[in-house]
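Thanks for coming, everyone. Let me put the model on the screen, and then we will walk through it piece by piece.

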Amino acid sequence: MRIFKCAHCGQLVYFENTYCEHCGHAFGFLKESLALFTIVPSDNNNYHFYNQPGKLYKYCANHSYGVCNWLVAASSPNIYCEACELNKTIPDITSAANIALWQKMENAKHRLLYTLFRLNLPTVSKGKDLANGLAFDFLANTHPRERVLTGHDEGLITINIEEADEVVREQARRQMGEPYRTLLGHFRHETGHYYWDRLIRDTGWLEHF
């Protein structure tokens, strides 16, 4: 993952940062540039890039929950960014504990999407293409004997939000003898199934390999 700099003070900043801890300027990530920009408030809750007045942007609607720092063009009718529009189901946000777990889920998912965009892989949402699109369900267990299983089904990736709890995830890693079990690892693994179906299965690539 790239490390970015604040355009105002030159402070090193990271992919998930929403503001500069040195000078206080806000940050927003733009998918088209795959870069984190220093932004300045404008009218109507919009922003423009630091020292670049002109084109205006708004934060993704999920920014209000502290789970996304991506930008959307102010003129766009979309309220969600290209990463968050892939969400089909999110945790119950009336629970502060769920929001904390969801934040960790979104950090990992946004890092996955950064890679997918860099590789120019198709990332259309199921809302736009039900048959071939990609979507995410972030679900919680509702009964002790009925656990949500992480997996992939025809482009719908389900991840149990308890995987965002480091203690629970470490217990599962030890019980299953897995040397590598992380949130980002889950996203990469399940999304790999999706791209196998979209790009590899039933194609000439298999015979060639």
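The largest pocket has 16 lining residues. Nearest its centre lie R147, E163, A172, M176 and R181. A word on terms: we use a 1 Å grid over the protein atoms alone. A pocket is an open set of points with protein on both sides within 12 Å along at least five of seven lines, and a lining residue has an atom within 4 Å of a point.

Keep in mind that this is a predicted model, where local features need pLDDT of at least 70, side-chain atom pairs count only at pLDDT 80 or more, and totals for chains, interfaces and linings use all residues. Residues are numbered from 1 along each chain as its sequence is written, and side-chain values use heavy atoms, with hydrogens and water left out.

Back to the pocket. Its volume is about 230 Å³. That volume is the space filled by probe spheres set on the grid points, which are joined across faces, edges and corners. Which element gives the largest share of the lining? Helix α2, residues 166–175, with five residues. Helices here are DSSP runs of H or I with at least four residues, strands are runs of E with at least two, and both are numbered from the N terminus. By type, the lining holds six charged, five polar and five nonpolar residues. Charged means Asp, Glu, Lys and Arg; nonpolar means Ala, Val, Leu, Ile, Met, Phe, Trp, Tyr, Cys and Pro; the others, Gly among them, are polar.

Next, the five-stranded sheet. It is open, it is antiparallel, and its order is β3-β4-β5-β6-β7. Two strands count as paired if DSSP finds at least two bridges between them. Which strands stand at the edges? β3 (26–30) and β7 (71–73), and each has a single partner strand, so one side of each has no neighbour in the sheet. From one strand to the next, the twist averages 55°. Axes are lines fitted to C-alpha atoms, for helices over the stretch in contact, and the angles run from 0 to 180 degrees between N-to-C directions.

Stay with β3. Buried means under 20% relative accessible area, exposed means over 50%, and partly exposed is in between, with a 1.4 Å probe and protein chains only. In a regular strand, side chains alternate between the two faces of the sheet. In β3, A26, G28 and L30 are on one side, F27 and F29 are on the other, and all are buried.

β3 joins β4 (residues 35–41) through five bridges, running antiparallel. G28 stands opposite F37 in β4. The two strands form a hairpin with four residues between them. Look at L34 in that turn: its phi is positive, about 50°. Most residues other than glycine have a negative phi. L34 is not a glycine, and at 15% relative accessibility it counts as buried.

N120 also has a positive phi, about 55°, and is not a glycine. You will find N120 in the loop between α1 (96–118) and β9. N120 is exposed, at 69% relative accessible area.

Now to β11, residues 156–160. Four of its five residues are buried. On one hand, β11 pairs with β9 (residues 135–139) in the parallel sense, over five bridges. There, A135 stands opposite L156. On the other hand, three bridges join β11 to β10 (residues 151–153), running antiparallel. There, H152 stands opposite I157. The hairpin of β10 and β11 has two residues between the strands, and E154 takes a positive phi near 50°. G155 lies in that loop too, and at 1% relative accessibility G155 is buried. The C-alpha atoms of G155 and F136 are 8.4 Å apart, with the two residues 19 apart along the chain.

Last, the cysteines. C9 is partly exposed, at 30% relative accessible area, whereas C81 is buried, at 1%.

Notes: On a 1 Å grid over the protein atoms alone, a cavity is a set of points where a 1.4 Å probe fits but cannot get out, and a pocket is an open set with protein on both sides within 12 Å along at least five of seven lines; lining residues have an atom within 4 Å of a point.
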